[in-house]
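Dear colleague,

I am passing on the structure below, followed by some notes on what was found in it. Please read the notes with the structure open beside them.

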Amino acid sequence: MTKLIKDTTRRGALKTMAGAAAGAATMPLWARFAQAQSSEPIKIGFQQHSTGIGAAYGRWYGRTTEAAVKLINENGGINGRMVEIVAEDDGTDPKRGAEVVEKFATQHNCDVGFGTLFSHVVIGSAPRAGELKLPYFVVSEGHHVASGMLNRYTLQPGITDVKSQVQAMAPYVAENLGKKVTMVFPDFAFGHDHRDFFTAAIEAQGGEVLEHIAIPPAETSFTKYFPKIPRDTEVLYHVMVGPAVLTFVKELGEFFGPSRPEMFGFIDSLEAVAIDSPGLEFLEGTYFWEGMPRHAQGDQSEHDKFYRAAVGVNERGASVSDPTDISTYAHMFGCWETLYVIKAGMEAAGYQGPGDRAALIEAVEAMSDMPESRAHPQGAKVFNGKTHQVFGHQYISRVEGGKLVKVHTTSIEDTFYPDEVDYTTQPL
Amino acid sequence: MSETQRILILHGGLLVLLFVLQFVLPAYHHGNLARIMVLATYAVGYNILFGYTGLLSLGHALFFAAGMYGMGLTIQHAGFTPAPALLVGLVAGALVSGALALLALRTAGVAFMIVTLMFAQAGYLTILYFGEYTRGDEGFVIQQAQRVLWGIDLSDPTNRYFAAWGLFGICLLISLWLVRAPFGRTLVAIRENEERVRMLGYDTFAHKLTAMVISGTIAAAAGAFYGLLFGYAGASFASVQYSIFPLLWVLLGGAGTVLGPFVGTLFMFYLIDLSSGITTAYMLIAGVVLVALTLFAPQGLTGELRRRVWRWLP
């Protein structure tokens, strides 16, 4: 066998030396990168409703998220790594939502996706999260997760769902306000959920719904619907949402005058709206569901005080820097609590990187009791690993002198219903 | 090289390029391009009516949604497999566009725009009204197991890309063939001067009706595939926004050019995607770019290319 031996020339030697020098010069770079693998931040893709109909919620979801992440990082991050939020606006649109989830998974290389509120965006995005095997933590209060419609990679561990909220209201309404109920709700999925779940729940309490009044989504005046309210109505249940709510309340006041039935509503209608706004006087003495009491109560917990201060919300639920900027207090705690669940899940799973996503899902599924704490300032919760849904206390407040005063706290058991799915049987 | 050869090379070349890109694109852009091809198909359908026939519809979301719900509801409630469900989507699109054409084509100009807009809005509200079946604005998921077409899992990225490519390719070639056929020439003539075409003895109503059904059916095909490939059907796709989108895409890309719809969709998609990374006011950036394009390239990107360089572009 012959071996070709090349003559060594001066130019060749110089070239080789230059190459070696260049290689050596890059060494620290890649060495630093290899070392950085473990100290790279954990990236949480935040699907934010910055524009579109969900913008008011999105703004406060953003502030709550920032506050929680700041705190988590100040206390050493997750598994010794800092947390970085990668926020993308989904325009409160399901098509863009799905695209944003893809962007998290395949472009930003996020570890998880998080923070979606509006149900149609969740439902439009979740299939892609499942296909991309990106753990997707929604903060939506929709029943979509627990209904079994979504997939193993979609979880809702930080906020209760509408089915449990609504059914937990029925015992209090039947006992204290009346058993003959008329429901006014928007004629789309959110309103239909209330219609179906509350009707069943009040019947279970021996009550009945006298009339269902569905209001078309684009309606701007409501006077023509009010004559449909039966005269023997004891409780008017309302869940109007959107900008028309002020008109709705004003016209309702004009219709009933001083002799109104008891009224019970969901604060969703008035999130980010001051309860003492002109035109809302008619709500004095009426009752509201609240996910978390907006106004600081007499028995305010240390955890609520801490959380409120961290997010920058005053005792009336408004921004500390701008008292006219009212928060979405009944929902946004969900972002805070979800981030702490992600932290706990990653710590339990020894999460290192995207390869451990399945382990993270299993770690969260294994969770159950979540005691009231700084991580769970809204109250204690119980997570159901099979349905991927958390259950917790609900609050009923009464408007007294322009303040929402808590009058009832439901038990967690009040919010339970039989499992409708077992996601753990789906492959990871 | 003859004009036909050039045209075939250009359009075939685009399809070959899109086919090859499948193997080289990073995951994110690979997924985007699959989506863009389906949306571009929607725009191709829109272009047949708007770009070539000169009828500005503001109600194409109705056809897109007819396809999406024709497919989705039969899978969801009747247990159909994807192939017959897609067919139902196409038939639904053809029927709805035919019915709307019979009514709307009695009008012209602004009245045509308003009538199509109103019917699309009625369609949107119908979806909300039958919320029990459609799940209204929330919509519903088409589960992975329901998305297996002839043994091919359409939720797989590669399969999804090929399905989108196949759909886009077929519709692009239909569009190319159509506008070069005598029928398409007549449509262009109607766009330029309907009275004169009628005087020459053509039945312009029948031509416009056929154009609207073809346009609506292609839009429905895009809607049906969109739902099937991305696993979701929802009422937002029937909203007025989704009637405006294909108009924008076609205007940007070049109305009355075969490639315009694709170019416009691609451009708009990445304009939104990139500008949203810079600021939350990304719609402002998109708006400024649109205004600039309208000022400096009023015939759209491909239209401008045709005006300045390739005068033979169909």
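**Helix α3 of chain A**

Helix α3(A) is mostly covered, with 12 of its 14 residues buried (20 or more other C-beta atoms, placed from the backbone, lie within 10 Å of the residue's own). Among the buried residues are P94(A), G97(A), V100(A), V101(A) and F104(A). This is a predicted model, in which local features need pLDDT of at least 70 and side-chain atom pairs count only at pLDDT 80 or more, while totals for chains, interfaces and linings use all residues. Residues are numbered from 1 along each chain as its sequence is written, and chains are lettered from A and ligands numbered from 1 in the order in which they are written.

Helices (H or I, at least four residues) and strands (E, at least two) are DSSP runs, numbered from the N terminus. Because α3(A), residues 94-107, has 14 residues at 1.5 Å a residue, it should span 20 Å, and the 19 Å between its end C-alpha atoms agrees with this (the expected span is 1.5 Å times one less than the number of residues). Just after α3(A), N109(A) takes a positive phi of about 55°.

**Strands of chain A**

Strands β1(A) (residues 42-48) and β2(A) (residues 83-89) run parallel and are joined by 7 bridges; in one of these pairings, G45(A) has V86(A) of β2(A) as its bridge partner.

**Chains A and B**

In chain B, 20 residues are in contact with 26 residues of chain A (C-beta atoms, placed from the backbone, within 7 Å). To the side of chain B that touches chain A, α2(B) gives the most, with 3 residues.

Best regards

Technical notes
Two residues are in contact if their C-beta atoms, placed from the backbone, lie within 7 Å. Two strands pair if DSSP finds at least two bridges between them.
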